[in-house]
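Morning, everyone. Please have the sequence and the model open side by side. I'll keep this short.

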Amino acid sequence: MKKVLLLLLVLIFPVMRAQGAQNQDAPTRDAAIPPDIEKLAARAKETVEVTMDGPMLRWASKFLSAKDPDEQKAAALVANLKGIYVRSFEFDEDGAYSPTEVETLRSQFRSPGWSRVVGVRSQQDGDNVDIFFKLENDKMAGIVIIAAEPREITFVNIVGPLEVDQLAELGGEFGIPKLDQKSLSKAHRGEQK
Amino acid sequence: MTHMNRNLTPDNDTNRMDEVLKRALRREQAPDGFADRILARASEAPLAARSSAAEPILAGSWQRFFTRPLVRWATLTALATAMFLGVHLHSVRRERARGEAAKQRLMLALRIAGSKLQLAKSRVNEINAGQSEKPEDKE
C-alpha cells in the first residue's frame, strides 16, 4: 500500500508543481497605472480594468486565432509590447471628477522622455483627449492616452515598442478609422503653437 | 497325515501365530532421512490445508484475478496513469479557459485604446476642418 501511495505521489507531484508555477505567473503591476486614477474607481458607476504585463500578454496572444483577421492583427500588434494597462470609469452624472484630478494625471506624463503628441479640448462636447508618446533613442517606447469625457474618464498605457503604423492600425482596428500620421503631426504642431 | 494332524493342533497354531507376530512386530531401524521427510511433510501440511480452504471462497470470484502480482501491478499502473491523465486534462482545460479570458481582456483593452484614438482623431479632424474653412470665410 505504501508503494502505491509513493507511486501516486511521484506521478502527481510534477503536475501539482507545474500548476503551482502557473499560479506564480500572476502579473506583477509596476508603476504603469498612476495611483491617482485608482481613486476614481470608488465614485464610478462602471469600471473597466485591464492589467496585462509582458508574460500575460504573450500568453494571451497565444490564444489569438490566426484565422480571425482582427485577432491576427492584434497578435502582430502586441508581439513586442511589454504591457497594456487600461482603466475606464463611467459615472452617473457630469462633474463626478474634477478638472484638477485630470490635470494631475496629465502632469505625470509631462516629464522628460514623454512627448505630448495630441491634446484636444472640446468646449462643445466636453471631450478632452491627450496622447503622450514615450520616446527612447528616437523610437516610440510607449503611448499613454487620457480621455476625459463628461461622464467617463479613460486611461490607457501601452508599454513597449510600437511603430506609428501599428498605432494607426490600432486606431483603425475594429471598424474604427485609421489615425494617419499627417493628422497626428498637424495636431502636434497646433499644440506647440 | 499324522504330520499334518500334528501341525494342526491348537498348541502348534498358537506357536506359529506367536512367531508371525514376533516377526511382524520386531524392531527395525528406520531408513535414512525418514525423520527429515516426516518433518518436511508436517511443515507442508498446514499450507496445503490453508490453500485448499481458501480455494472454495475465491474460486470463480473476480478477486482471484487480482491475486496475481503481474495483474495487480498492471491494475495499479493503469489507475495511476488514469489519475495522471485526468489531472493533466483538467489543468489543460483550466489553462485554456484562463487563456480565453485573457484574450478577451486583451481585445477589450485594444478596443478601448482604439476607440479613444478614434475620438482623438475625430476631434483633430474637426479642428483641421475648422482651420481650413476659416481662410474661405475670410475670402
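First, a definition: helices (H or I, at least four residues) and strands (E, at least two) are DSSP runs, numbered from the N terminus. This is a predicted model: local features need pLDDT of at least 70, side-chain atom pairs count only at pLDDT 80 or more, and totals for chains, interfaces and linings use all residues. Residues are numbered from 1 along each chain as its sequence is written, chains are lettered from A and ligands numbered from 1 in the order in which they are written, and side-chain values use heavy atoms, with hydrogens and water left out.

Chain A, then. Chain A has seven helices and six strands. From the N terminus, the order is α-α-β-α-α-β-α-β-β-β-β-α-α. Of its 193 residues, 42% are buried. Buried means under 20% relative accessible area, exposed over 50%, partly exposed in between (1.4 Å probe, protein chains only). Now contacts, meaning heavy atoms within 4.5 Å. Take those in chain A with a separation of 6 or more: 58% join residues 24 or more positions apart.

Next, confidence. pLDDT is the predictor's confidence in each residue, from 0 to 100. Chain A averages 77, and 68% of the residues score at least 70. Strand β2 (residues 83-90) of chain A is highest, at 94. Helix α7 (residues 181-192) of chain A is lowest, at a mean of 43. Two stretches of chain A need flagging. Residues 21-30 have pLDDT below 50, with 11 contacts beyond near neighbours in sequence. Residues 173-193 are also below 50, with 41 such contacts. Where pLDDT is low, the predicted coordinates should not be read in detail.

Now single residues. Where is P35(A) found? In helix α2 (residues 35-39) of chain A. P35(A) counts as exposed because its relative accessibility is 57%. Its C-alpha atom is 9.1 Å from that of L105(A), 70 residues apart along the chain.

On to the loop between β4 (128-136) and β5 (139-149) of chain A, where N137(A) lies. D138(A) is in the loop between β4 and β5 as well. Most residues other than glycine have a negative phi. N137(A) is not a glycine, yet its phi is positive, about 55 degrees. D138(A), also a residue other than glycine, has a positive phi near 60 degrees. Buried or exposed, what is N137(A)? N137(A) is exposed, because its relative accessible area is 76%. D138(A) counts as exposed because its relative accessibility is 79%.

Last, chain B. M17(B) sits in helix α2 (residues 10-24) of chain B. That's it from me.
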